[in-house]
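Dear colleague,

I am handing over the structure we spoke of, and my notes follow directly below it. Please read them with the coordinates open.

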Amino acid sequence: MESQTEIAETLVEKPATLARLRQDISSGTVKAADLAASYYDRIAAINGQLNIYLSLTKERALEQASRIDALAAKGDPLPPLAGIPVGIKDVLVMRGAPSTAGSRILKGYRPPYDATVVARLEAAGAVLLGKLNCDEFAMGSSNENSAYGPVRNPVDPERVPGGSSGGSAAAVAANLAVATLGSDTGGSIRQPASFCGVVGVLPTYGRVSRNGLIAFASSLDRVGPFAGNVRDAATLLGIIAGHDPMDATSSRAPVPDYAAESDRLVDGLRLGVPAEYFGEGLDPDVRAAIEKGIDALKAAGCEVRPVSLPTTRYAIPTYYLIATAEASANLARFDGVRYGYRSPASENLSAMYSHSRDEGFGAEVKRRILLGTYSLSAGYYDAYYLKAQKVRRLLADEFLRAFGEVDAIVTPTSPVPAFKLGEKTDDPLSMYLADIYTVTASLAGICGVTVPCGTTPAGLPVGMQVLARHLNESTAFRVARAVEAAQL
Amino acid sequence: MTANVTVEDVQRVAELAHLELAPDEMPRMVQDLNAILNYVAELNELDTAGVAPLAQVSELDGTGGRTSLRKDVLVPSLERGAVMPLAPDTDNVFFKVPKVIER
C-alpha cells in the first residue's frame, strides 16, 4: 500500500491551465519550444511504465512551437491554443504520422491527410505531441484490446485507465499533455476520463467533424476533448466544433463561446436524477461520491428532481447490436489491397482478404464483426438490427421528454471505479456492462461532460456525468464547473 | 427466442465477413456469440409495434436535422502519388493482388 501511494504520487500531475500557459507564452516567460521539450522529457521518463503514447510527432511539434515563439517574440497576437501541448488518440489520422487505431492491421500506415480536428487544433496554435494508445478500433472499455499492449492508469498502474480512449485520459492525468482528443462511441471518452480523474466531453452527434476519424460505428462516433479542468475542455471544444463540408452529418448550428458560457452560475437550473442509474450494480462508494456531488449542486442553487428513463436497462443490448452492425460494414475496408497489412502467403484474392483480416484483427474486433454480420444477415435483420433501431427511438424519445422538464441530467459516469488489469478480459458481457451509464447518451445523440466528483475511500477517482439536450453543451459545462468548484 | 449459434453458423458468418478463424478460435467465438445473443434477446420484452426505427440522430437536434448534402461538384482529391505508395503491392498506377480465378 505504501509503495502504491508513492508510485501514484509520482505519476499523477495536474497540467497547468490554458490561461496560465497562455500568459507565460505570450509574455515570453515560457518558450513554446521549451515547454514541448519538457513534455517530451516527461514522456521519455514515464511512458515506459504507462504505455500511453504509441508514437511521437516531435519534428512537427517542434516546428509549430518555433513558429509560436517567433510570433510571441514579434509581439504578434497569438492564436487561442498557442504553444499548448496536445495529444491525439490514434484513431484520428495525422498526415505522415503512424495512425494505427490500436490495430496490427494498420501497423506502419502513415495517412496522407490530417483529420479536420487535427488541422483545427494546429491552426489554433496547438503543439501536437504524438499519438495516444487506445483499444483496437476504439472497441473496448479497458484499453486491454490494443494490439500494442494496455495503457496503465496513472492513479494506480495495476488498474486499467478505462477505454477505449485510455491513452487520452491517462495522458492528461499524468500530465503527458495539457489536453488531448479522444473518440466516444458508447462511452469511450467519458468512462476513461472518470477512471483517471480528468474532464471528458461527449459533444452532440454532428457537433464535431468525424472527417479523418477511423470509423467504428458511424451513427454513434463522436470526437471530443479531455482536459484537466472544465473550462479548458470547453475552450478545446469551441476550437474543434463547427460545420465541416467533409462530414455529411456535421451540424451547421453556430458554435457558442463554450468557455464563457461555462462561467455562468448554475443558480436556478433544474437537474434531473434518474433512479435507473442508481440501482443494482452501482458500487456503494461511487454512489456516495455522486450523492455528495448532487448535494453540492443543490447548495449551489440547483433544483434537483427525479426523472424517469425506464428504457435504460435495454440500452446495452441496443447499443451492441447497432454498433457491431455498423462496425462490420465499416471494417470491410480493411482488405489488404489499398493500405494496411496484407498476409504474405495467399494463393488467391479471396484467401488474401481472409488471411489478412484474420492475422490483422484482434479477438474483440473479430467478435464484433461476426456479431454485426450475423445480426445483419438474411433472416435475422428484423429480429436484431431493426428491433434495436426501434428501441433506440424509444430511448431517444425518453431523453427528449425528460429535457422538457429539466435542464440537465446527472448520473454516475461508470457504475464502478477503475478495475484491475485482467479482471474482465475473460467475459465480454461483463466488459460491455461497464458502459451501462454511457451508451444511452450515445444512442440518443445528446451531449455530456464527465467531471471528477471525489474519490472512493481507496483513492480511486469517481466521475459525475452531466447530460444535456442536443447542442446544449453550454449547460453541461456550467453544471460540471459547479461540481468542480465544490472541490469534492 | 433463445440463440443457438452453431459452429456452422459461425463459419458461414465468418465467410460473409471474410474472416478466417483459426480452429482454436472457434469454440470461444461460438460460446461468446451465444452468450451475447441470449443477452440481447431481452429486447423482445419491449413492444415496439408502430415505433419508427431511428437510424440517424441528426433529426432530433431541433435544427430540423438537415445537415444538407454538399453540392455535386468536382473538387481535387488526394494525389495519386501520395496514396499509391501506401499499398502493400502496387506499380504506382494500379493496386496489385493475387490471382482472382484459378485456372
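I begin with a local detail of this predicted model: helix α5(A) is followed by A:Gly125, whose phi is positive, near 100 degrees. The helix itself covers residues 116-123 of chain A, and among its residues A:Thr116, A:Val117, A:Val118 and A:Leu121 are buried. Those buried residues of α5(A) pack against four strands of chain A, namely β2 (85-89), β3 (127-132), β4 (179-184) and β6 (222-227), and also against the helix α8 (230-240).

Turning to chain A as a whole, there are 17 helices and 11 strands, and 63% of its 488 residues count as buried. The C-alpha trace spans about 65 × 55 × 50 Å along its principal axes. A compact globule of 488 residues would have a radius of gyration near 23 Å, and because chain A has 21 Å, the two agree. Where contacts in chain A link residues at least 6 apart in sequence, 76% of them join residues at least 24 apart.

The remaining notes concern the two chains together. The contact between them takes 62 residues from chain A and 48 residues from chain B. On the side of chain B that touches chain A, α1 (7-16), α2 (26-40) and α3 (80-83) of chain B each supply at least two residues, and the largest share, 7 residues, comes from α2(B). Sorted by class, that side of chain B has 34 nonpolar residues, with 7 polar and 7 charged ones besides.

With kind regards

Note on methods: Residues numbered from 1 in each chain as written. Chains lettered and ligands numbered in written order. Predicted model: local features only at pLDDT ≥ 70, side-chain atom pairs only at ≥ 80, totals over all residues. Rg over C-alpha atoms; globule rule 2.2 N^0.38 Å. Buried ≥ 20, exposed ≤ 12 C-beta atoms within 10 Å, placed from the backbone. Contact = placed C-beta atoms within 7 Å. Nonpolar A, V, L, I, M, F, W, Y, C, P; charged D, E, K, R; others polar.
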